[in-house]
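Here is a short walk through one protein model. Keep the sequence and the 3D view side by side as you read.

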Amino acid sequence: VNDHSFHDPAADASLTSYPTATLPPAPAEEALETTDDLENFQDDGCCQSFFWCHPMVLYRAFRKFVQIAKCDKETGHLMKLGFPFLFLSIVEGALDIGIVSLIGLRMGTVELSAYVVSETLLGISGGFLSGMIESLITICSHAVGSRKFALAGEYVQISVWMYLLCLIPHALFWSFYMKPMIEFFHFEEDVALAGQAYTRIALWAGVLEEMSSALHSLFYVADCVVFSTVIETLHSTYYLLAVLFYTMYFDPTLEEIAWAFTAVSGLFVIIDLLVVRFSGWFTEYLPGLFGAGALCNSKAVRVVFRTALPLSIGYVLSYGEWEILVFLAGQLGPAEVAAWGILGFVWDTLESITLAIGDAAEVRCAYWLGVGRPSVARLSVYKSLLLGMLVGAVLSAAILVLQDDLPPWLTKDPVLQGLIADCIPLMAVGNLSMTFGSLSWTLVGSQGKYGLATLHVLLGSWIVTLPLAVVASVHFHWSIEAQLATVVIGYMISGTLNSVTLLHSDWKEISKDVMLEQAEANRHGDEEEEDEDD
């Protein structure tokens, strides 16, 4: 409450005179969107001599809260981005469950086991590769905010080349060693052979999916998020329809299902490319997206690498943490492993909803930093945290209301129902810490500080959660409730560290650094200026 005002006109104005000729002023329409909402939000600092419980301090804190909670245009932008992301995450989760159900019911236990285990193992190194594509949301938003549209397209091209380069060892390893890895987990040889055959084809489907995700990063920053949501929803729906068609009219192998996935992914990559090239929405992005010499732009390559590497490491750490927790649950018994897996499904569903809000917040915060409006970026962050916590509170309340009905929906086994029911109240509380921790991690990353955000995740998960889980499960043999509690504690610690980083950020300097970085990486400034003159 004793901090500076959210809107500091002097701070924003000083960025327009920053000594770099290529730094453009904020677009007039966008820059004025939230000014009216913020101009009365000044803090003269008179509370700095009072204690936190002084009535004047409490009054000013309440006034700031009202301003953050106000449904202004920035709130509208966050909801406009957040709802499509939220819808897509829910639909994709439901369709994925449908695919697993069809494979299990219509193809058999061997194919189901091979599919689930193969996808799980591919996710270990696949998470590292995904970070290279997911980083585009942040750096493309920075570029678009700085009016460097061709540079945003160049970032996409560089990320794709980096992804393909790192894909080579990933593809070679799993193509030849998927069978031994499956057998290592004591599955039968027929499961291992089916998994190996599926993996060699599914790798190509994964490549095409990441190509599509890279192109959709431009859809997000170009304000085509609704169209992107429709295309991605159709993409996931066609996956399900392909499996349904094959299993209804044929007797397919898992390898043939992988070929169907590859064909569907290839179709939608072609659609995405045609939309980007001929729709007219991305004309300013095309010189960088399809131009030659992107990898020769060392400064742009450095920006992508610096952002993508810690994000990729963060994904691997998060994925690896959960796999280790599954192993630790195995020390308690097979029922605990099954119950932990079911709880993991519920947890992933809750996390996907949180990440939908986080993606919307990441786009807006990164955009305003690139525009040179640090005060608006700061307010957008606070609004995002408030909106995310409200959604998290509603979800936690829903979990508590359904705590008697949820276990029978998830399993028919009475033992598993009892284990899950014991964990539901703690999961409701943990959802709040997970929401705050995930949002804080994403928002720190939107500042271009994914290295610091990943360090906080490392401290929360691998330094706190896993050691506590080992003690609880291996030494004391406590129930999975204790293991779930360690996850909640880890999220609390990482969320606290990231939130402190947000509260103590020098937003003006961060915005300057972002704009300067984009200006130095841009190779198309002269072309853009000529286009504007024309």
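The model is a predicted one.

Start with two helices. Two packed helices are described by the angle between their axes and the distance between the axes. Helix α10 spans residues 225-249, and helix α11 spans residues 254-278. Their axes come within 9 Å and cross at roughly 155°. An angle over 145 degrees counts as roughly antiparallel, so α10 and α11 are roughly antiparallel to each other. Their crossing is right-handed.

Now look at the side chains between them. From α10, the residues in contact include Phe227, Ile231, Leu234, Tyr238 and Val243. On the α11 side, Ile257, Phe261, Val264, Phe268 and Asp272 are among them. By class, this contact has 15 nonpolar, two polar and one charged residues.

Next come the cores. In soluble globular proteins, nonpolar side chains tend to be buried together. Here the largest nonpolar core has 65 residues. Within that core, Tyr155 and Leu218 touch the most other members. Helix α8, residues 149-184, gives the largest share, ten residues. Beyond its neighbours within four places in sequence, Leu218 contacts Cys140, Ala152, Gly153, Val156, Phe282, Tyr285 and Leu289. A second, separate core has 34 residues, including Ile182, Val191, Ala205 and Val243. Val243 also belongs to the α10 side of the helix contact.

Finish at Arg147. This residue sits in the loop between α7 (136-145) and α8. Arg147 is partly exposed, with a relative accessible area of 28%. Arg147 and Val371 lie 224 residues apart in sequence, yet their C-alpha atoms are 7.7 Å apart in space.

Notes: Residues are numbered from 1 along each chain as its sequence is written. This is a predicted model: local features need pLDDT of at least 70, side-chain atom pairs count only at pLDDT 80 or more; totals for chains, interfaces and linings use all residues. Side-chain values use heavy atoms; hydrogens and water are left out. Axes are lines fitted to C-alpha atoms, for helices over the stretch in contact, and angles run from 0 to 180 degrees between N-to-C directions. Helices (H or I, at least four residues) and strands (E, at least two) are DSSP runs, numbered from the N terminus. Angles under 35 degrees count as roughly parallel, over 145 as roughly antiparallel, 65 to 115 as roughly perpendicular and the rest as oblique. A crossing is left-handed if the near helix is turned anticlockwise from the far one by less than a right angle, and right-handed if clockwise. Contact means heavy atoms within 4.5 Å. Ala, Val, Leu, Ile, Met, Phe, Trp, Tyr, Cys and Pro count as nonpolar, Asp, Glu, Lys and Arg as charged, and the others, Gly among them, as polar. A nonpolar core is a set of buried Ala, Val, Leu, Ile, Met, Phe, Trp, Tyr and Cys residues joined through side-chain atoms within 4.5 Å. Buried means under 20% relative accessible area, exposed over 50%, partly exposed in between (1.4 Å probe, protein chains only).
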